[in-house]
Amino acid sequence: TIRRQIDALSMNKMNVLHWHVSDAESMPYESTAFPDLAAKGAFIKEATYSKQEVKDIIDYAAERGVRVIIEFDMPGHNYAWSLAYPSLFVNCSDMYPTDTRFWVASFDPTNEKLYSFLDTFLREVAQTFPDQVIHLGGDEVQYSCWNESRAIREYMAKHNLTLTDLYATFESKVHSIAAKYNKSVQSWDEVYVSAKEVLPKDAIVQVWRGMETLTDAVKDGFRAVLSAPYYLNSGFDMGGLQVSWTSIYSNDPIPQDLTKQERDQVLGAEACIWGEEVNQFNIDQRVWFRGSMLAERLWSLQGNHTDKIGPDVLVRSIKQQCRMMRAGIKATPIDDRDVLPRRSLWNQCELDLPQRKH
């Protein structure tokens with residue numbers, strides 16, 4: 001399934017697979033230094049990624065011009081890690097029932113043993129994943145959990161820290177560890193909003209909560225990647241309306257009011273698909289062809305793309321969807337009524353595919 005998505009990325013001239021390999025529900029990466037992470041944190045023993053499997057995916061992607069940027073989300077979104085190393089976490093079990101507390105579990109940022117653990121872990125990760133960028137999450141940290149810990153409250157009082165200060169302290173330390181192993185850190189935009197004063201200038205801000213944050217980040221000298229308008233699971237597990245392909249195409253990731261230097265700080269855009277309601281049977285349809293429309297947007301000149309989308313865009317997109325179908329990627333059909341009003345969605349590709357023999 002991952003290889004098929006890499007094939008699709010390559011077909012659409014998209015060059016990065018952002019692999020959010022772990023989250024609260026599961027930690028499937030088999031660490032050599034900490035084997036219990038996957039042994040205890042994965043869904044099941046068979047649902048893990050060995051070092052060889054990871055290397056095979058990286059090599060497969062590289063052969064197709066696709067970088068693999070791995071993400072290990074922290075300090076939150078990592079309850080599964082606590083199943084192996086509970087002493088590194090804040091115990092929120094008194095605050096939340098068992099079936100929901102994994103959403104708020106978090107590393108204990110006051111525990112110095114945590115940073116020794118992360119130093120060893122990130123050294124291994126840096127050796128396993130050759131890309132110069134590593135993603136360390138940083139999103140949706142539940143301060144309420146930290147604030148219910150007497151030990152953390154006492155630590156903050158002793159060091160005259162707020163909860164936001166504590167979060168910034170954690171981010172400063174993990175960025176320093178990553179830098180020691182020659183990695184630049186990409187993070188979700190909460191890290192920029194709450195800890196920008198401690199971030200190195202090679203930090204990359206992944207903006208998922210609004211265009212204004214992207215503008216602020218690049219004006220502050222940081223590099224940025226935009227995801228906010230391109231959440232492909234909106235309308236499914238995230239509620240609301242599905243993000244349409246026309247909306248994706250109409251959202252340019254570079255604001256018009258930036259200087260050339262600031263525009264150069266925008267590295268690109270990323271379409272996101274989360275795994276709560278996605279598996280090997282439906283991921284193709286959730287990502288493609290809408291993902292193709294982001295590629296169409298990114299490879300097109302800036303201009304009046306918010307106006308009515310012309311037939312040239314539709315025809316190119318239909319042909320690309322047909323190529324993907326031929327390659328075994330189950331991309332959904334495109335509503336083509338404005339271009340080919342008498343053709344159904346089922347026979348868009350009939351002129352491109354081999355004719356059936358009677």
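The buried residues of helix α8 (buried meaning under 20% relative accessible area, with a 1.4 Å probe and protein chains only) are covered by elements that include α5 (112-128), β3 (133-135), α6 (143-147), α7 (150-159), β4 (184-188) and α9 (189-195). The structure is a predicted model, in which local features need pLDDT of at least 70 and side-chain atom pairs count only at pLDDT 80 or more, while totals for chains, interfaces and linings use all residues. Residues are numbered from 1 along each chain as its sequence is written, and side-chain values use heavy atoms, with hydrogens and water left out.

The protein has 15 helices and 7 strands, where helices (H or I, at least four residues) and strands (E, at least two) are DSSP runs numbered from the N terminus. Of its 358 residues, 50% count as buried. Among the contacts with a separation of 6 or more, 69% are made by residues 24 or more positions apart, a contact being defined by heavy atoms within 4.5 Å.

Helix α8 comprises 18 residues (residues 163-180) and, at 1.5 Å a residue, should span 26 Å, which agrees with the 26 Å that separates its end C-alpha atoms; the expected span is taken as 1.5 Å times one less than the number of residues. Its buried residues are Leu 163, Leu 166, Tyr 167, Ala 168, Phe 170, Glu 171, Val 174, His 175, Ile 177 and Ala 178. An α-helix has 3.6 residues a turn, so residues three or four places apart point the same way. Just after α8, Asn 182 takes a positive phi of about 60 degrees. Asn 182 is found in the loop between α8 and β4, and with a relative accessible area of 62% it is exposed, a term that applies over 50%, with partly exposed in between.

The packing of α5 against α8 takes place at an angle of about 30 degrees, with the axes 10 Å apart; axes are lines fitted to C-alpha atoms, for helices over the stretch in contact, and angles run from 0 to 180 degrees between N-to-C directions. The two helices α5 and α8 are therefore roughly parallel to each other, given that angles under 35 degrees count as roughly parallel, over 145 as roughly antiparallel, 65 to 115 as roughly perpendicular and the rest as oblique. The crossing of α5 and α8 is right-handed, the term used if the near helix is turned clockwise from the far one by less than a right angle. On the α5 side, Glu 112, Leu 114, Tyr 115, Leu 118, Asp 119 and Leu 122 meet Phe 170, Lys 173, Val 174, Ile 177 and Lys 180 of α8. The residues of this contact divide into 7 nonpolar, no polar and 4 charged, where Ala, Val, Leu, Ile, Met, Phe, Trp, Tyr, Cys and Pro count as nonpolar, Asp, Glu, Lys and Arg as charged, and the others, Gly among them, as polar.

In the loop between α1 and β1 (16-20), Lys 13 has a positive phi of about 55 degrees although it is not a glycine, and Lys 13 is exposed, with a relative accessible area of 61%.

Helix α10 (residues 211-219) has Thr 213, Leu 214, Thr 215, Ala 217 and Val 218 as its buried residues, and what covers them includes α9, β5 (204-207), β6 (223-226), α12 (260-264) and β7 (266-269). Val 218 counts as buried at 3% relative accessibility. Leaving aside neighbours within four places in sequence, Val 218 is in contact with Ala 224, Leu 258, Glu 262, Gln 265 and Val 266. Val 218 and Gln 261, 43 residues apart in sequence, are 8.9 Å apart in space, C-alpha to C-alpha. Just after α10, Gly 221 takes a positive phi of about 95 degrees.

Cis peptide bonds were also examined. One joins Met 74 and Pro 75, with omega of about 10 degrees, and Pro 75 is found in the loop between β2 (67-71) and α4 (79-82). A cis peptide bond also joins Trp 288 and Phe 289, with omega of about 20 degrees, and Phe 289 is placed in the loop between α13 (283-287) and α14 (290-298).
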